[in-house]
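Welcome! Please take a moment to look over the structure below, and then we can walk through it together.

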Amino acid sequence: MSTSPKILSTEDLPVSEAKWVTLKKIHWSDQEGKQRQWECAERKTRGSSGIDAVAILAVLRSETNAFQPSTVIIEQFRAPVGKFVVELPAGLIDEGETAEETAIRELEEETGFKGSKILESSPLLVCDPGMTTANMKLVMVDVPFPDKLEKSDQKLEAGEFITIRIVELPKLVAELKEYEQRGFVIDARLSHFASGYEMAERIRDANF
(Lines give C-alpha, C1' and ligand atoms only; values in the text may rest on other atoms or scores of the structure.)
Protein backbone atom coordinates (compact mmCIF):
# COMPACT_ATOMS: atom_id res chain seq x y z
CA MET A 1 0.00 0.00 0.00
CA SER A 2 1.50 3.33 -1.07
CA THR A 3 1.09 6.44 1.06
CA SER A 4 2.31 10.02 0.77
CA PRO A 5 5.42 10.77 2.83
CA LYS A 6 5.01 13.27 5.65
CA ILE A 7 6.89 14.60 8.64
CA LEU A 8 5.58 13.05 11.86
CA SER A 9 7.67 14.96 14.40
CA THR A 10 10.90 16.89 14.85
CA GLU A 11 13.18 17.01 17.89
CA ASP A 12 16.66 18.11 18.86
CA LEU A 13 19.35 15.51 18.18
CA PRO A 14 22.31 15.10 20.55
CA VAL A 15 25.56 15.10 18.59
CA SER A 16 26.51 11.78 20.20
CA GLU A 17 23.51 10.13 18.53
CA ALA A 18 24.09 11.56 15.04
CA LYS A 19 25.08 8.93 12.46
CA TRP A 20 25.69 11.03 9.36
CA VAL A 21 26.65 14.54 10.51
CA THR A 22 28.29 16.28 13.43
CA LEU A 23 28.72 19.86 14.62
CA LYS A 24 32.03 21.72 14.81
CA LYS A 25 33.12 24.94 16.48
CA ILE A 26 35.80 26.74 14.46
CA HIS A 27 38.20 29.21 16.05
CA TRP A 28 39.70 31.60 13.50
CA SER A 29 41.11 35.11 13.09
CA ASP A 30 39.86 37.60 10.51
CA GLN A 31 41.73 40.06 8.27
CA GLU A 32 42.19 42.45 11.18
CA GLY A 33 43.55 39.75 13.47
CA LYS A 34 40.37 39.59 15.55
CA GLN A 35 39.65 36.13 16.93
CA ARG A 36 36.24 34.74 16.02
CA GLN A 37 34.17 31.58 16.36
CA TRP A 38 31.94 29.82 13.85
CA GLU A 39 29.57 26.89 14.10
CA CYS A 40 29.11 24.47 11.22
CA ALA A 41 27.85 21.02 10.30
CA GLU A 42 30.20 18.36 8.95
CA ARG A 43 29.54 15.03 7.27
CA LYS A 44 30.93 11.91 8.95
CA THR A 45 31.04 9.99 5.68
CA ARG A 46 33.88 11.79 3.85
CA GLY A 47 36.52 9.32 2.69
CA SER A 48 40.17 9.60 1.70
CA SER A 49 39.28 11.35 -1.57
CA GLY A 50 38.36 14.45 0.42
CA ILE A 51 35.14 14.79 -1.59
CA ASP A 52 31.72 14.13 -0.10
CA ALA A 53 29.46 13.67 -3.08
CA VAL A 54 28.70 14.15 -6.75
CA ALA A 55 25.80 15.62 -8.66
CA ILE A 56 25.33 14.24 -12.15
CA LEU A 57 24.34 16.08 -15.28
CA ALA A 58 23.52 13.38 -17.82
CA VAL A 59 23.42 14.42 -21.47
CA LEU A 60 20.98 12.09 -23.22
CA ARG A 61 21.38 12.23 -26.99
CA SER A 62 20.44 10.31 -30.13
CA GLU A 63 23.08 9.43 -32.69
CA THR A 64 20.38 9.76 -35.38
CA ASN A 65 18.82 12.92 -33.87
CA ALA A 66 15.64 10.96 -33.10
CA PHE A 67 15.07 13.19 -30.08
CA GLN A 68 16.35 16.52 -28.79
CA PRO A 69 19.38 16.56 -26.44
CA SER A 70 17.90 15.99 -23.00
CA THR A 71 18.79 15.37 -19.39
CA VAL A 72 17.31 13.34 -16.56
CA ILE A 73 16.09 14.93 -13.33
CA ILE A 74 14.64 13.23 -10.29
CA GLU A 75 11.83 13.81 -7.81
CA GLN A 76 12.54 12.79 -4.23
CA PHE A 77 10.97 13.57 -0.86
CA ARG A 78 13.50 15.34 1.34
CA ALA A 79 12.69 15.21 5.04
CA PRO A 80 14.73 18.30 6.07
CA VAL A 81 12.47 20.53 3.96
CA GLY A 82 9.36 18.37 4.29
CA LYS A 83 8.63 18.47 0.56
CA PHE A 84 9.41 16.75 -2.73
CA VAL A 85 12.54 18.20 -4.27
CA VAL A 86 13.41 18.24 -7.97
CA GLU A 87 17.14 17.73 -8.40
CA LEU A 88 19.94 16.20 -10.38
CA PRO A 89 20.86 12.57 -9.70
CA ALA A 90 23.48 12.54 -6.95
CA GLY A 91 25.19 10.39 -4.38
CA LEU A 92 27.92 10.03 -1.79
CA ILE A 93 31.36 8.85 -2.86
CA ASP A 94 32.29 5.41 -1.53
CA GLU A 95 35.74 4.77 -0.14
CA GLY A 96 38.14 3.90 -2.96
CA GLU A 97 35.98 5.52 -5.64
CA THR A 98 36.72 8.59 -7.71
CA ALA A 99 34.04 11.22 -8.20
CA GLU A 100 33.72 10.14 -11.82
CA GLU A 101 33.28 6.46 -10.92
CA THR A 102 30.61 7.44 -8.41
CA ALA A 103 28.80 9.46 -11.07
CA ILE A 104 28.59 6.50 -13.46
CA ARG A 105 27.44 4.17 -10.65
CA GLU A 106 24.88 6.52 -9.12
CA LEU A 107 23.43 7.49 -12.50
CA GLU A 108 22.65 3.86 -13.32
CA GLU A 109 21.35 3.09 -9.82
CA GLU A 110 19.02 6.09 -9.59
CA THR A 111 17.88 6.36 -13.22
CA GLY A 112 18.78 3.14 -15.05
CA PHE A 113 20.83 5.06 -17.63
CA LYS A 114 24.37 3.88 -18.37
CA GLY A 115 26.93 6.57 -19.07
CA SER A 116 29.46 5.88 -21.81
CA LYS A 117 32.06 8.46 -20.84
CA ILE A 118 32.73 11.51 -18.69
CA LEU A 119 32.29 14.75 -20.60
CA GLU A 120 33.56 17.00 -17.86
CA SER A 121 34.21 16.96 -14.14
CA SER A 122 34.07 20.21 -12.21
CA PRO A 123 36.59 21.48 -9.68
CA LEU A 124 35.76 20.92 -6.03
CA LEU A 125 32.58 22.86 -5.18
CA VAL A 126 30.99 23.90 -1.89
CA CYS A 127 27.24 23.96 -1.37
CA ASP A 128 26.52 26.13 1.67
CA PRO A 129 29.87 27.36 3.04
CA GLY A 130 28.30 29.54 5.72
CA MET A 131 26.73 26.49 7.35
CA THR A 132 28.58 23.31 6.41
CA THR A 133 31.93 21.92 5.26
CA ALA A 134 30.11 19.73 2.71
CA ASN A 135 31.63 19.69 -0.77
CA MET A 136 30.97 17.99 -4.09
CA LYS A 137 31.78 17.76 -7.77
CA LEU A 138 29.42 18.21 -10.70
CA VAL A 139 30.12 15.45 -13.22
CA MET A 140 28.75 15.62 -16.76
CA VAL A 141 28.12 12.20 -18.31
CA ASP A 142 27.50 11.26 -21.93
CA VAL A 143 24.53 8.91 -22.44
CA PRO A 144 24.20 8.19 -26.19
CA PHE A 145 21.48 6.11 -27.86
CA PRO A 146 21.77 4.54 -31.33
CA ASP A 147 18.33 5.90 -32.22
CA LYS A 148 15.31 6.43 -29.96
CA LEU A 149 15.55 6.97 -26.21
CA GLU A 150 15.13 3.75 -24.26
CA LYS A 151 14.62 3.49 -20.50
CA SER A 152 16.11 0.82 -18.25
CA ASP A 153 15.13 -0.26 -14.74
CA GLN A 154 16.43 1.66 -11.76
CA LYS A 155 18.57 -0.16 -9.18
CA LEU A 156 17.32 1.57 -6.04
CA GLU A 157 18.31 0.53 -2.55
CA ALA A 158 15.70 -0.35 0.07
CA GLY A 159 14.07 2.83 1.32
CA GLU A 160 14.88 4.82 -1.81
CA PHE A 161 11.89 6.26 -3.67
CA ILE A 162 13.00 8.19 -6.75
CA THR A 163 10.92 9.21 -9.74
CA ILE A 164 12.81 10.13 -12.91
CA ARG A 165 11.80 12.65 -15.53
CA ILE A 166 13.37 13.18 -18.96
CA VAL A 167 13.46 16.82 -20.05
CA GLU A 168 14.73 18.38 -23.26
CA LEU A 169 17.48 20.84 -22.33
CA PRO A 170 15.88 23.91 -23.98
CA LYS A 171 12.68 23.24 -22.02
CA LEU A 172 14.32 22.76 -18.62
CA VAL A 173 13.60 26.23 -17.20
CA ALA A 174 9.93 26.02 -18.19
CA GLU A 175 9.63 22.56 -16.63
CA LEU A 176 11.12 23.76 -13.35
CA LYS A 177 8.67 26.67 -13.24
CA GLU A 178 5.82 24.20 -13.63
CA TYR A 179 7.23 22.09 -10.81
CA GLU A 180 7.35 25.15 -8.55
CA GLN A 181 3.71 25.94 -9.30
CA ARG A 182 2.82 22.39 -8.27
CA GLY A 183 4.47 22.82 -4.86
CA PHE A 184 7.82 21.15 -5.49
CA VAL A 185 11.07 22.66 -4.22
CA ILE A 186 13.84 23.09 -6.82
CA ASP A 187 17.38 22.16 -5.88
CA ALA A 188 19.75 25.12 -6.25
CA ARG A 189 22.31 23.25 -8.37
CA LEU A 190 19.69 22.21 -10.90
CA SER A 191 18.17 25.69 -10.96
CA HIS A 192 21.57 27.32 -11.49
CA PHE A 193 22.37 25.01 -14.39
CA ALA A 194 18.98 25.58 -16.03
CA SER A 195 19.26 29.36 -15.67
CA GLY A 196 22.82 29.30 -17.03
CA TYR A 197 21.76 27.20 -20.02
CA GLU A 198 18.91 29.59 -20.79
CA MET A 199 21.14 32.65 -20.42
CA ALA A 200 23.77 31.11 -22.71
CA GLU A 201 21.07 30.59 -25.36
CA ARG A 202 19.90 34.19 -24.97
CA ILE A 203 23.45 35.54 -25.24
CA ARG A 204 24.08 33.42 -28.34
CA ASP A 205 20.91 34.75 -29.94
CA ALA A 206 21.41 38.31 -28.59
CA ASN A 207 17.96 38.02 -27.03
CA PHE A 208 17.71 40.33 -24.00
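The paragraphs that follow visit a helix and then some salt bridges.

Keep in mind that this is a predicted model.

Several of its residues are buried, among them Ala-99, Thr-102, Ala-103, Glu-106 and Leu-107. The cover over the buried residues of helix 1 includes strand 3 (53–62), strand 4 (70–78) and strand 6 (90–92), as well as strand 9 (135–145) and strand 10 (163–168).

Next, let us turn to charged side chains. The structure holds 15 salt bridges, and one of these lies within helix 1, where the side chains of Arg-105 and Glu-109 meet at 3.4 Å, N to O. These two residues are 4 apart in the helix, so about one helical turn separates them. In an α-helix there are 3.6 residues a turn, so residues three or four places apart point the same way.

Elsewhere, Arg-189 pairs with Asp-187 in a salt bridge of 3.1 Å, N to O. Here Arg-189 is partly exposed at 35% relative accessibility, whereas Asp-187 is buried at 15%. Another salt bridge joins Arg-204 and Asp-205 at 3.2 Å, N to O. Of this pair, Arg-204 is exposed at 58% relative accessibility, while Asp-205 is partly exposed at 48%. Finally, Asp-94, Glu-97, Arg-105, Glu-106 and Glu-109 form one network, joined by salt bridges that share partners.

Notes
Residues are numbered from 1 along each chain as its sequence is written. This is a predicted model: local features need pLDDT of at least 70, side-chain atom pairs count only at pLDDT 80 or more; totals for chains, interfaces and linings use all residues. Side-chain values use heavy atoms; hydrogens and water are left out. Buried means under 20% relative accessible area, exposed over 50%, partly exposed in between (1.4 Å probe, protein chains only). Contact means heavy atoms within 4.5 Å. A salt bridge is a side-chain nitrogen of Lys or Arg within 4 Å of a carboxyl oxygen of Asp or Glu.
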